[in-house]
Amino acid sequence: MGCAASSANRVAPESAIHAKPTAGDDVAPAKKFAEDDVEMAQEPVSSEPQATLSTGDGGARKLTILHFNDVYNIEEQAREPVGGAARFCAKVKEVRKSGANPLVLFSGDAYNPSLMSTMTLGKQMVPILNEIGVNVSCIGNHEFDYGLDNLMKLNAQCNFPWLMANVLERGTDLPYAGAGTTWIEDWNGIKVGVVGLVEEEWLETLGAVNVSDMIYKDFVEVGREAAAYLKSKGAELLVALTHMREPNDRKLAAEVPEFHLILGGHDHHYVSAFVEPHNNLMVKSGTDFRDLSIIEVEFAAGSSTEPKLSVERIIIDSSVPEDPATKDIVNEYMKIMGDKMDEDIGETLEPLDGRFQTVRNRESNLGNFVADVWRKAAGAQITILNSGSLRSDSILPAGIIKARDFVAILPMVDTTMVLECTGAQVVIALENAVSQWPKLEGRFPQVSGLKFKFDPLQPPGNRIVPGSVYLTEFEMEPELLDMERKYKTAVKEYLGTGKDGFNIFTECKVLVDAEAGVILPSTIKCHFIQLRVLNKWDGKKIWIRSLTSRWIKNAKTRSNVNLVDMEKDAAQDENKSYHHSKSTMDTQERTHGLAVTHPDTGLYCIAPKLEGRIINIREVVEDDEEKEKKKEEEEEEEEPEMQDGNDDTSLLDDL
């Protein structure tokens, strides 16, 4: 069986079925598959279709499936293929107008990451996906980026079900996040069964939900159960709609031969292949509204097994016209994004220094804040942020922080990798980071979980002062970095792939890749959201010490801050002796300025300070020399006065 692939812009053939779908079983309820149904269907079931429609070529039944995955930016991009939701939707509607009546399947990741989503929390994607006419979707990891409540709110506004069969809510048999498990429908005379499956790897990286509330089940095991269940309900075409890496999609294809199609997401490259040994078809459809897969399914006359499958890749470039209705939605949200730039997102008690002459030269309180929040969200022990990521080149005054200030500081949607680095590898990375000083290079670091000294008079590669690198943590004594010990280190994908001279990171084991990692600007946005939540809960006395202890715990584990957990911690602390109104200075020191109470309003805000994380020893020497010189000058000025008491002074000197 071969795979036909093409990048030409085309529509489905006129011989495709024109009939509309009949009513089917719809989405399986959000519960475990019925055990009796699964047991009944362990042996292969050859079900007769409920409806058979002929195209006039011997009674063959045909179905067109449209597939896409991982879409982030609804506006078109600067370079070809430009993509964009309006052009993508125009192509989908073109296929519909041909009479194909396609089944539209989406493999997840829409609500983040994008600059727009940092403003809207992904809200813009709901009308876009509805306009495209998605029929079924699988939940992706980035759906969780702004918390469980946000995900469920947006999913509820979609005109289609979201599936995730193999992640359950702890203590129940219900799928997590209110997801469905399977979907079955008679579509163009072919009964189609779909199950949503995800991999375990990305669950452990989620930064805005409590992973301990989830129970993961192996996707192969659940896939077998789902296939048996769907076949017992009469499904002829079995589809696994997944959000996992290609090796896991291939594993599913090889170990669960009942699936005719494995339509995957999570990866951003395009691939279509018939997977051995069963020749079931696996497709991944690129990313960001730039690619669309048209999959043709044909059952021979009188057959309900062994469908003929082919796939064609459609590239969405500038030659595809824009759909007016979708373009209106895009324009509306571009305007909303502009309006949101003046919204208040938080407050700082300290001026935030983002000047290039600071962040690319020395420790910055802005760099400390960003690195600390980012490390917390990534669940890492160390973060090394290249200061070129901080783009405002200005001092943000103390006071209200606007959305436009936030975007000026972090305008890029930077992805995160978590690496396993030895202490020696961390030092090599720091050597590269300070190698160009005093040039204002973007590789100069801002760090969290570390402090170190460097000597710029030494040659590049030998500037980190031996014995000066310490591992630091909230409310814990600094610990000398062990050259052989391995540390979880969060870096931007840009650094993790060896850019800007950080080649050493390419030698480190990847614990969390860029697709599964947290999004840098999203972590900052979520932090300010957490502070707003704390302000609303002020009457419940959410103790800052609880927040700090939670961050310490998160640095030691892969799970991240969860607002529900913070509330539980606060309840446990209500009988303790700490007081909510402890001094701002005290909480500033304890939380590194990430969450302090405003001295006037009592509301939570930020107040990051310099902490001696990065010390240029030559500047320290110069400062000491300047102090000594000033002291000598002051003593010389006082000398005439001291001569009057010379005898007493001499006596004291003798003593």
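**Charges and contacts**

Arg245 is placed in the loop between β10 (237–243) and α8 (246–255). This is a predicted model, in which local features need pLDDT of at least 70 and side-chain atom pairs count only at pLDDT 80 or more, while totals for chains, interfaces and linings use all residues. Residues are numbered from 1 along each chain as its sequence is written, and side-chain values use heavy atoms, with hydrogens and water left out.

Q: Why is Arg245 called buried?
A: Buried means under 20% relative accessible area, exposed over 50%, and partly exposed in between (1.4 Å probe, protein chains only). Arg245 has 17%, so it is buried.

Q: What makes the pair Arg87 and Glu76 a salt bridge?
A: The term requires a side-chain nitrogen of Lys or Arg within 4 Å of a carboxyl oxygen of Asp or Glu. The closest N and O atoms of Arg87 and Glu76 are 2.2 Å apart, so the pair qualifies. Arg87 lies in helix α2 (residues 85–97) and Glu76 in the loop between β2 (61–68) and α2, eleven residues apart.

Q: Why does the pair Lys335 and Asp339 count as a salt bridge?
A: Their closest N and O atoms are 3.1 Å apart, therefore within the cut-off. Both residues lie in helix α9 (residues 324–340), four residues apart, about one turn of the helix.

Conventions
Helices (H or I, at least four residues) and strands (E, at least two) are DSSP runs, numbered from the N terminus.
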